[in-house]
Amino acid sequence: MNGAIGERDLIRRISVILGGLENDDCAVIDAGERYLVASTDMLHQKTDFPDIMNPWQMGWMAVAVNLSDIAAMGAEPAGVLIAAGLPPEADQYFIDELFSGFGDCAALYGTRILGGDTDSHLELTITGTSLGFVEKELILRRRGARAGDLLCTTGSLGAAGGGLWAWQNGAKSELITSLLEPEPRLKEARALAKSGSVTAMMDNSDGLALSLSDLSEVSGVGFLVYQDKLPLAPGLVEMVGQENAIDMALSAGGDYELVFTLRSSGLEAARRACDLTVIGEVVEEGIWMERAGKRRQIERLGYEHRIGL
Ligand SMILES: Nc1ncnc2c1ncn2[C@@H]1O[C@H](COP(=O)(O)OP(=O)(O)OP(=O)(O)O)[C@@H](O)[C@H]1O
Ligand SMILES: Cc1ncc(C[n+]2csc(CCOP(=O)(O)O)c2C)c(N)n1
Ligand SMILES: [Mg+2]
Ligand SMILES: [Mg+2]
Ligand SMILES: [Mg+2]
């Protein structure tokens, strides 16, 4: 192969080599009465930790992004393993703060660090592995969306993108905290799972546009997003303007909200479960955004790692 390849195309190739992988936020293992769900996510100094980030926040983020995938399955976390590749410049203070960040995030979400691995590495590299359990009848998958369902999100969109922009442009913004200290939506996802109205769910780690692309691929449906309903992060439009704010909501990534579909008859029950915004609907095909009666296609753009082969 010549040149770099996008992460999703590479995963498709990997899937063929390994004989088929289920494309979801977690792997699902039958554990008798319940499912065991498991996910792993790697973070690096260069791509994930802006230079304003303190080591406690690095630890927090590494656990939070891993718990977000447990949330996306409707599961309860059972624990996290941490493999830490520590660079030569990591001193005792750095390491104490980093590991406090792991522990504090796990504890806040009712779980703990179960174990891991420690090694030296030129670039700080942290790989978390999260485990969880979910009742078989409550599991939420990326597949399952049906035309006519409502498309919803928790929280706001574009917060992390706005935070990244503020950091890169030396602007002051509360969105920088959203970028550095993501909050996995475990409580919300559990309550939604118990409400019984969700048909498909994932977290939007790579942005709304790629989430819709992923959901559409595995569910075999399309989406129509109402532009005016997007819950843009507070202060985002004022900081970057309407058009950039929409672009950030669609493709900046790093928000860790839940994107999910609901049977329309289940909206009341879902609203009782958690705060949500209906941002569109499931359609037969295509991924569209509508504003003032005009439809345009949503480009398949988002946060994707590129790997040189
Ligand atoms: N190296 C790999 N080997 C096997 N499966 C993989 C590999 N990388 C990714 N996958 C699988 O591909 C699917 C998509 O992975 P991806 O990392 O995009 O999902 P995610 O963890 O929910 O997102 P993010 O990494 O942005 O938080 C998952 O089901 C994952 O298990
Ligand atoms: C330097 C820097 N640039 C961007 C971001 C935001 N960010 C971090 S992870 C992620 C998406 C999912 O990642 P993955 O697919 O690796 O799990 C995004 C958008 C950051 N924290 N630091
Ligand atoms: Mg995910
Ligand atoms: Mg991943
Ligand atoms: Mg990703």
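User: How do you know which features and labels to trust here?
Analyst: This is a predicted model, in which local features need pLDDT of at least 70, side-chain atom pairs count only at pLDDT 80 or more, and totals for chains, interfaces and linings use all residues. Residues are numbered from 1 along each chain as its sequence is written, while chains are lettered from A and ligands numbered from 1 in the order in which they are written.

User: What makes a run of residues a helix or a strand?
Analyst: Both are DSSP runs, numbered from the N terminus: helices are H or I with at least four residues, strands are E with at least two. On that basis the protein chain has eleven helices and 14 strands.

User: How do you know whether the radius of gyration agrees with a compact globule?
Analyst: The rule is 2.2 Å times the number of residues to the power 0.38, and the radius is taken over C-alpha atoms. For 309 residues that gives a value near 19 Å; the protein chain has 19 Å, so the two agree. Its C-alpha atoms fill a box of roughly 55 × 50 × 45 Å along the principal axes.

User: Why is helix 5 called largely enclosed?
Analyst: A residue is buried if 20 or more other C-beta atoms lie within 10 Å of its own, exposed if 12 or fewer, and partly exposed in between; C-beta atoms are placed from the backbone. Eight of the ten residues of helix 5 are buried, so the rest of the structure largely encloses this helix. Among them are Trp-165 and Leu-164. The cover includes helix 6 (175–180), helix 9 (236–240) and helix 10. Just after helix 5, Gly-170 has a positive phi of about 65 degrees. Across the protein chain, 46% of the 309 residues are buried.

User: What makes the span of helix 8 close to the expected one?
Analyst: The expected span is 1.5 Å times one less than the number of residues. Helix 8 (residues 208–219) has twelve residues and reaches 16 Å from first C-alpha to last, close to the expected 16 Å. Nine of those twelve are buried, including Leu-208 and Asp-214.

User: How do you know which residues of domain 1 and domain 2 are in contact?
Analyst: Contact needs C-beta atoms, placed from the backbone, within 7 Å. By that test, 27 residues of domain 1 touch 24 residues of domain 2. Helix 3 gives the largest share of the domain 1 side, ten residues. Domain bounds come from an automatic or database domain assignment: domain 1 is 19–137 and domain 2 is 138–308. Their centres, over C-alpha atoms, are 22 Å apart.

User: What makes a residue part of the shell around ligand 2?
Analyst: Its C-beta atom, placed from the backbone, must lie within 6 Å of the molecule. Around ligand 2 there are 13 residues, with Asp-48, Ser-205, Gly-253, Gly-254 and Tyr-303 nearest.

User: What classes do the residues around ligand 1 fall into?
Analyst: Ala, Val, Leu, Ile, Met, Phe, Trp, Tyr, Cys and Pro count as nonpolar, Asp, Glu, Lys and Arg as charged, and the others, Gly among them, as polar. The shell around ligand 1 therefore divides into five nonpolar, three polar and five charged residues. Asp-25 and Asp-206 are among the nearest residues.

Technical notes. Contact = placed C-beta atoms within 7 Å.
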